Amino acid sequence: MSKRTVELSVATPGADAHGDPLRVPIPASPADVDPELGGEHLLINLGPQHPATHGVLRLVVELEGETVVRVIPHVGYLHSGFEKLGEYRHYNQIVPLTDRTDYLAPMSNNVGVALAAEKLMGIEITPRCQVLRVIACEMSRIISHLVWLGTTSIDLGAFTPFLWAFQQRERIYNLQEMWTGARLTTSLTRVGGLLADVPDKFVTDLREFTETFPDTLDEIDRVLTRNAVWVGRTQNIGVLTAQEAINYSLSGPMLRASGVPWDMRKDKPYLGYETYDFDVPVGENGDVYDRFLVRLEECYQSNRILAQALDRLPDGPINVDDPRVILPPKSRAMNDMEAMIYHFKQVMEGVKAPVGEAYAGIENPKGELGNYFVSDGTAKPVRWRIRPPAFINLASISKMAEGHLLSDLIAINASVDIVMGEVDR
Amino acid sequence: MNPSAQALQATFGNAIGRVVDARGETIVYVTAARVRDVLAWLKQTAGQDYDYLVDVTAVEYRDRERALEVVWNLRSLASRRDLRIKVELDPRGTLAVPSVVDLWAGANWLEREVFDMFGVTFTGHPDLRRILMWETYAEGHPLRKDFPLRGRFSRSEQVRQALNVNPEGHYSLEELAIAESFDELPAEMRDRLARGQRDQIANSE
């Protein structure tokens, strides 16, 4: 990326010839250690309640001086057993559970689980529903990345971008509230359609958002991208090569920052993403700085997709025309015998899925969110598996943090973009 | 159908069970004895190149007569092909399959999760501990079908155990021993850290 032109010597006075910050070497043998300081390794416990661990992540860190020798992550403090609960629920009743996994992008999770259920049942959704779901996914991507930008800048000592980012995020939350009635627990999708169509004002408000939102991104770009402190604290920190990123099964911005041009929207298109004109940003060095650049650019690209989706938003129904899948309107259920029977059967028995299994992966803000359903022909899945991108990305933190300073561990942890609701599920 | 399925049948013969192709997804059933060879072959053979491990999970059916399945979702990034490998295990027998952490480092936490939730042992895993439940969790493996939705113990018993927990239990033995453990790190890593080297992390493969 061309933005990587900052003079490192400006950023870090103690840089070597390659631009890498100088580090105090660890004494090779105990004899070299100043006896006053002691040669023992220090055990530090970060979390589970620590503001810089972004939730209830606990990191047990082994330190040699200030250098991280080993990180042992502990997860599970927010384990809710969603996958087990899903086995006791109808497919539509699973949707509210997904609000609470990656709670920074609930709409996108709703879309993921609906796509998997529809793949399992062989349902084709309507064109309007497709475009509305794209809008939902991209709005989620923007708010998730904005939270990431805000909290990471706070972790690294910049408070202002946090306020800018959350101001814009609030506008999307208002739109979500307008659409679904909820700001966070949106439960947007149903198998075969959506909870509701968008209100008229939604389109004009979202249009206004897409026109003004890039100004904030420009501001964040201006204040961070060439900022000496920001660059010094992020470049060459937590480097993963492309090969390592693939080997660790990373996905999303983490994978792309390491130089692997893989995006589910481009490479395994769903919801008609292949018909939108957008670019996939790819990093070169796989460090924290590149992850920042990738996420920042993805916000611009999501904004482009939103504008295109609004331009093409077709008229028509949002739900498929299949009374076995979609609830009839309440007025018909009360007046029409047939509609009432369908209503009763759906509420009491649920929508039955054929025997078999389906995996649907979508590009969530954190990475590839997979929903894997196995059905034995009843209305409840035998197995609902979430492939959690944040969980899998977090698994590489020990590798990334090894040999860095403790303060860099904070930057590395932030760059993974974890959300513990999804890590622990 | 994914052409790798035929290639597997041609290469491994009897070790390959049935091949299912539905909804654009190809599932290949493999015997537990050969699954590691199959996965390694798929990763390392030119033309297959399944370099990306999407997911490792397990499925137990409500029908007690059906086998418990361990599932590997593989992907070839170059050819954009997905392949699902399954191994069938008897849910009443020993649940053990070989680990693939040395092939894909990303399998580490995924295998730990399957172990935690289903009790499947991954032989050769470097650090097979519970991951989502705590290490002293005694109620069993939550995603098994014989595990009740509300847990095995009563609420009062769960509260009693939580209140009586030993604070030392929050650290693993490994962590408690950290002060003395630097010498036990792998020689290569110790050497690298001693030189203060960063950014030159040895390849995990």
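The model is predicted, and it scores ipTM 0.84 and pTM 0.84. In chain B, the mean pLDDT is 82, with 80% of the residues reaching 70 or more. Residues 196–205 of chain B form a stretch in which the pLDDT is below 50, and in the model this stretch has 20 contacts beyond near neighbours in sequence. Where pLDDT is low, the predicted coordinates should not be read in detail.

The secondary structure of chain A consists of 18 helices and 8 strands. Along the principal axes, the C-alpha atoms of chain A fill a box of roughly 90 × 45 × 35 Å. The radius of gyration of chain A is 23 Å, which agrees with the value near 22 Å that a compact globule of 425 residues would have. Of the 425 residues in chain A, 53% are buried, and 69% of the contacts between residues at least 6 apart in sequence join residues at least 24 apart.

Chain B comprises 7 helices and 7 strands, which follow the pattern α-β-β-α-β-β-β-β-α-β-α-α-α-α when read along the sequence. Buried residues account for 33% of the 205 residues in this chain, and among contacts in chain B with a separation of 6 or more, 49% involve residues 24 or more positions apart.

The largest nonpolar core of the model has 159 residues, and those with the most contacts inside it are Ala116(A), Ala117(A), Ile85(B), Val114(B) and Val120(B). Helix H5 of chain A, spanning residues 127–155, gives the most to this core, with 14 residues. In soluble globular proteins, nonpolar side chains tend to be buried together. When residues up to four places away in sequence are left aside, Ala117(A) touches Tyr91(A), Val191(A) and Phe373(A).

Helix H4 of chain A covers residues 106–121, and its 16 residues reach 23 Å from the first C-alpha to the last, close to the 22 Å expected at 1.5 Å a residue. H4(A) is mostly covered, with 16 of its 16 residues buried, and just after this helix Gly122(A) takes a positive phi of about 70°. Helix H14 of chain A, which covers residues 337–349, has 13 residues and reaches 18 Å from its first C-alpha to its last, close to the 18 Å expected at 1.5 Å a residue. H14(A) is followed by Gly350(A), for which phi is positive and near 85°.

In chain B, strand E5 (residues 81–89) pairs with strands E2 and E4. Strand E2, at residues 25–30, runs parallel to E5(B) and is joined to it by 4 bridges, with Tyr29(B) standing opposite Lys86(B). Strand E4, at residues 68–76, pairs with E5(B) in the antiparallel sense over 9 bridges, and here the bridge partner of Arg75(B) is Asp82(B) in E5(B). The hairpin of E4(B) and E5(B) has 4 residues between the strands, and within this hairpin Arg80(B) takes a positive phi near 55°.

Two aspartate residues of chain B were also considered individually. Asp21(B) lies in strand E1, at residues 16–22 of chain B. Asp21(B) counts as exposed because it has 12 C-beta neighbours inside 10 Å, and a residue is classed as exposed at 12 or fewer. Not counting residues up to four places away in sequence, Asp21(B) touches Met1(B) and Thr26(B), while its C-alpha atom is separated by 9.7 Å from that of Ala5(B), 16 residues apart along the chain.

Asp146(B), by contrast, lies in a loop, between strand E7 (121–123) and helix H4 (155–163) of chain B. With 10 other C-beta atoms within 10 Å, Asp146(B) is likewise exposed. Asp146(B) and Ile131(B) are 15 residues apart in sequence, and their C-alpha atoms are 21 Å apart in space.

Technical notes: Residues are numbered from 1 along each chain as its sequence is written. Chains are lettered from A and ligands numbered from 1 in the order in which they are written. The radius of gyration is taken over C-alpha atoms; the globule rule is 2.2 Å times the number of residues to the power 0.38. A residue is buried if 20 or more other C-beta atoms lie within 10 Å of its own, exposed if 12 or fewer, and partly exposed in between; C-beta atoms are placed from the backbone. Two residues are in contact if their C-beta atoms, placed from the backbone, lie within 7 Å. pLDDT is the predictor's confidence in each residue, from 0 to 100. A nonpolar core is a set of buried Ala, Val, Leu, Ile, Met, Phe, Trp, Tyr and Cys residues joined through C-beta atoms within 7 Å. Two strands pair if DSSP finds at least two bridges between them. The expected span of a helix is 1.5 Å times one less than its number of residues.
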